[in-house]
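My notes are below, in the order I looked things up.

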Amino acid sequence: MASTGPDEATGNAQEDVPPGVLKRAVAASAMGNATEWFDYGVYAYVATEIGANFFPGDHENLGALLGFAVSFVLRPIGGIVWGPLGDKLGRSTVLATTILLMSSATFCVGLVPSYDTIGIWAPIILILLRIVQGFSTGGEYGGAATFMAEYSPDKRRGFWGSFLEFGTLAGFSAGLIVVGGLRLWIGDDAMEDWGWRIPFFIAGPLGAIGLYLRIKMEDTPVFRDLEEKGEVEHEATGALKDLLAQYWKPILQLFGLVIALNVANYTLLAYMPTYLPDTIGMDKGKAEFMVLIGQLCMMLVIPFAGSLSDRIGRKPCWWYSLVGLFVLALPMFWLMAQNLALAIVGFTVLGVVYVLQLGTISATFPAMFPTHVRYAGMAISYNVATAAFGGTAPLVNEALIDATGNSYIPAFYMMGACVIGMIGLYYVVETKGASLQGRGVPGVPATPPGPLPGDRTADA
């Protein structure tokens, strides 16, 4: 793969970002991510109530999980639309738009009447809102990770980037706290009747805060540097064309990593509150408490995981995590089936091992692509893999358990995904400390002068 390497002559604009500006950039990225995952967390935690209100009958859980999975169908299309626009118009403009759409769709879920009130239109409207949410999310995560990475100093990209995933866990945890608190306060009957709507309304103010933070931020130093040199793609379709033609190898590598990442993510964080009560008979409140304790432990560890990747590299952290999950998945799932105390231990062990992947995403993934196609590369690769293997993980796990009667299916599914991740990781270039500036691939040595990959002006 050809590369021009970073532009050493201009220095590194990221190193000159004032600390206050860097912290605001981190907050702007993390807040949007927290809003996104607050929605996914809330939906997962009220899946039983969603099923009863929108899919009454013999397959309430499957109906609710289908509603969860369908929001991922539009994520690749969202990535194809928003990613190239982010490489053309800038990261901050697109991110302000995606958080507005995302939080609005989530808020509106709480307004949809139940099946008993409007019949078949209830699940139809719900699915449509989930599609809007998925379409906007297709540009949200890749953009937020790119925004965070391009603001962070090269030598501390892992540490600062980890706060994006701190936002992920904060969103999940906030959703669980809100749902669990409501359930304790108003009871299961009221929760099923109307209480499930309240958490979705909270997405409105969360989105407004995130929007405010984003519209107040300048675009990233790396993007502005490319813009000043006149090397930004002037047509969104141009960035997409260059990406697919020149950078298909990192796309495939990232695809493998994301399969491992998201099968573990959605199995542990989204599916456990449904799996434990339905499969092994754990009380729902206890299952949610277990997940909350595990997530809070993960939040404490995640900045250290990011900082560790700045010292030893991204790939070693990923190797430890993938091998660790593969080895520990079965024994920890067995432990979770014993009692609440051991379930907390089992879940937390898997969560902390998983954090070595999660805490390095913003440092690892954006650095696999050069600046002029970075947003598109992240958004498309990440969302295609997430749609196929991430958001469908709860549905696939539930269906396979029903078909086989084997309660360890989630462990086997995670193990298989880890093997795919290991294959992708083998080919990934280490980018610890590498500059993200210019049109070169970070971490790849510069080649002799010649036409830039995808540079149509040079060809002319």
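What follows goes from the whole chain to single residues.

**Ground rules**

I am working from a predicted model, where local features need pLDDT of at least 70, side-chain atom pairs count only at pLDDT 80 or more, and totals for chains, interfaces and linings use all residues. Numbering starts from 1 along each chain as its sequence is written, and side-chain values use heavy atoms, with hydrogens and water left out.

**Whole chain**

I started with secondary structure and got 21 helices and 0 strands. Both come from DSSP runs numbered from the N terminus, with helices being H or I of at least four residues and strands being E of at least two.

Next I looked at the overall dimensions. Along the principal axes, the C-alpha atoms fill a box of roughly 65 × 45 × 40 Å.

For burial, I found that 60% of the 460 residues count as buried. Buried is under 20% relative accessible area, exposed is over 50%, and partly exposed is in between, using a 1.4 Å probe and protein chains only.

The accessible surface comes to about 16600 Å², and carbon and sulfur atoms hold 68% of that. These areas come from the Shrake-Rupley method with a 1.4 Å probe, and for residues only the protein chains shown count as cover.

I also checked contacts, meaning heavy atoms within 4.5 Å. Of those with a separation of 6 or more, 85% join residues 24 or more positions apart.

Charges were a quick look: the mean positions of the 26 positive and 37 negative ones are 7 Å apart. Lys and Arg count as positive and Asp and Glu as negative, while His and the chain ends are not counted. Each charge is placed at NZ of Lys, CZ of Arg, CG of Asp or CD of Glu.

**The core**

Which residues have the most contacts inside the largest nonpolar core? I get Ile50, Met272, Met290 and Phe365, in a core of 117 residues. Helix α13 (residues 248-280) gives this core its largest share, 17 residues. A nonpolar core here is a set of buried Ala, Val, Leu, Ile, Met, Phe, Trp, Tyr and Cys residues joined through side-chain atoms within 4.5 Å.

Leaving out residues up to four places away in sequence, as in every partner list below, Met290 touches Met272, Leu276, Met336, Leu340, Ala343, Ile344 and Phe347.

Is Arg75 buried or exposed? Arg75 counts as buried because its relative accessibility is 0%. I place Arg75 in helix α4 (residues 75-89), and its contacts include Glu36, Trp37, Tyr40, Tyr141, Tyr266 and Asn383.

Asn383 sits in helix α18 (residues 371-390) and is also buried, at 0%. The partners I noted for Asn383 are Arg75, Pro76, Gly79, Thr137, Gly138 and Met378.

**Two loop residues**

Trp196 is in the loop between α8 (157-193) and α9 (198-201), and at 0% relative accessible area it is buried. Val46 is 150 residues away in sequence, yet the C-alpha to C-alpha distance to Trp196 is 6.4 Å. Trp196 touches Val46 and also Ile50, among others including Glu49, Asn53 and Phe54.

Thr431 is in the loop between α20 (409-427) and α21 (456-459). I have Thr431 as buried at 3% relative accessibility. Its partners are Arg157, Arg314, Ala363, Ala367, Pro442 and Gly443.

Val70 belongs to helix α3 (residues 60-70) and counts as buried at 15%. I find Val70 in contact with Ile127, Arg130 and Ile131.

My last stop was Ile420, in helix α20. Ile420 counts as partly exposed, at 35% relative accessibility. Gly256 and Ile259 are the residues that Ile420 touches. Ile259 lies 161 residues from Ile420 along the chain, with 7.2 Å between their C-alpha atoms.
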